[in-house]
Amino acid sequence: MHTTVIRMLTANLLAKKRDGNALHDDEIRFLIDGFCDGSVADYQMSAFAMAVCLNGMTERETTTLTRAMLESGDRLPRAVSGQTPRVDKHSTGGLGDKVSLILAPLLAACGVHVPMVSGRGLGLTGGTLDKLEAIPGFQTDLSEQASVEVLRQVGAFIISASERIAPADRRLYALRDVTGTVESIPLITASILSKKLAANLDALVMDVKVGGAAFMKTLDDARALAGSIEHVGRAAGLPTQALISDMDQPLGKAIGNAIEVNEAVGILAGQPSDPALQGVRDLTVRLCALLLTSVGVARDVDDATQRLNRALDDGSAMERFEAMVAAQGGRMAGDLDVAPGRPLQSEHDGYVGRIDCHRIGSTIVSLGGGRRKLGDPIDPTVGIRMHVRIGDRVERGQPLLDLHCHTSRQNEYLRSLRQAVEITAESVAARPLFV
């Protein structure tokens with residue numbers, strides 16, 4: 001078709017969406033196919049993203065967009081799994097979220113395959129790949145043949161997406177990131193599910209975070225995203241369940257890369273005596289239980305929970321983690337090195353009323369533990385260890401957190417972090433993890 005005609009057709013479709021009308025399936029595929037072959041320009045796709053951001057999409061439109069982005073690339077091979085169920089989990093991200101490091105080997109120890117394609121951190125939330133790359137030698141960029149072999153040997157891998165997995169999503173996200181159109185539930189849904197569908201899964205579970213350290217700040221928005229992902233996932237042929245969890249404070253105690261790996265390993269080793277760590281374990285087990293029941297490996301949630309807790313307590317989940325690390329080239333003997341720590345102590349008696357997750361995350365990024373832009377180097381040794389949670393009673397002089405860093409500006413960062421933990425005279429209710 002002549003380029004001028006294509007651009008005229010594209011402009012008509014953009015105007016249709018701009019005016020709040022639903023696009024037909026073939027119109028959505030026309031836009032995505034044209035975006036991939038170059039006949040639909042970047043500026044036109046940016047206009048499409050803005051129209052969707054302002055006017056939304058129907059469930060049918062979102063499902064078609066998801067499938068079109070999936071079909072723009074390859075799928076992971078299914079043959080290695082045979083009849084073994086393939087499952088995965090996705091989180092919308094938050095401070096201290098190291099669940100994937102525990103979940104993948106735990107599920108593998110319970111008899112399912114977990115081909116996890118994960119991402120890097122950008123902004124305040126850390127990426128699973130960055131955490132794993134704190135382990136010396138750990139390889140996240142595996143060839144298809146190598147990843148198939150790891151899945152066959154271990155039952156789980158955690159790798160980065162190749163450029164052939166949903167390339168339309170990769171290109172569209174780059175435009176959304178610089179045009180103020182990231183915050184669109186249909187576009188978020190299609191972005192997540194196009195990559196998960198490419199893994200040839202039998203079931204998916206979503207952990208939608210809500211709160212100050214989450215992408216979704218309100219419960220209404222979190223529910224809308226959870227519902228969209230569940231409905232579109234099922235419409236696209238992937239049984240999908242969503243759980244909403246609190247992110248008004250960090251998950252667990254450790255925030256950073258190496259320090260989070262150490263915490264995850266401690267939980268895999270059956271050491272969650274601290275209530276904050278028990279929360280990480282509880283969330284991981286609940287997500288895993290939904291998957292095991294969804295694919296029929298467990299009779300019900302209670303049966304699944306018993307199996308999962310047994311795998312954590314008897315060391316079999318830890319064995320799978322060690323096998324996965326070794327199979328992906330990692331070398332881990334004991335805890336990973338973390339920068340020296342200094343405590344921040346409370347100046348008052350009282351109760352922890354609020355934790356400013358944005359300030360904590362910004363501090364870690366400033367120290368080099370996160371990225372301001374793609375390509376920034378990461379210092380895996382920096383981080384923060386929280387000693388308190390919302391609702392805790394504290395006394396003057398009690399440590400609130402430890403700051404782990406190398407910089408001579410440590411005192412300056414500690415002064416800033418003092419504003420991150422608000423101490424009130426009145427008692428405050430503890431926040432439930434599950435919303």
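Colleague: Say Ala, Val, Leu, Ile, Met, Phe, Trp, Tyr, Cys and Pro count as nonpolar, Asp, Glu, Lys and Arg as charged, and the others, Gly among them, as polar. What is the lining of the second largest cavity, by class?

Modeller: Seven nonpolar, one polar and one charged. This is a predicted model: local features need pLDDT of at least 70, side-chain atom pairs pLDDT 80 or more, and totals for chains, interfaces and linings use all residues. Numbering runs from 1 along each chain as its sequence is written, and side-chain values use heavy atoms, without hydrogens or water.

Colleague: Which residues line that second largest cavity?

Modeller: L76, P77, V80, R86, P115, S147, V148, L151 and F157. Lining means an atom within 4 Å of a point on a 1 Å grid over the protein atoms alone; in a cavity a 1.4 Å probe fits but cannot get out, while a pocket is an open set with protein on both sides within 12 Å along at least five of seven lines.

Colleague: Which helix gives the most?

Modeller: Helix α7, residues 144-154, with three residues. Helices are DSSP runs (H or I, at least four residues), numbered from the N terminus.

Colleague: Switching to the second largest pocket. What lies nearest its centre?

Modeller: Q249, P275, A276, R389 and R431, out of 21 lining residues. By class, this pocket's lining has 11 nonpolar, four polar and six charged residues. Helix α12, residues 275-294, supplies the largest share, four residues.

Colleague: And where do α9 and α10 meet?

Modeller: On α9, I185, I188, T189, I192 and L193. On α10, D221, A224, L225, S228, I229, V232 and G233. Contact is heavy atoms within 4.5 Å.

Colleague: How do those contact residues divide?

Modeller: Eight nonpolar, three polar and one charged.

How values were computed
Helices (H or I, at least four residues) and strands (E, at least two) are DSSP runs, numbered from the N terminus.
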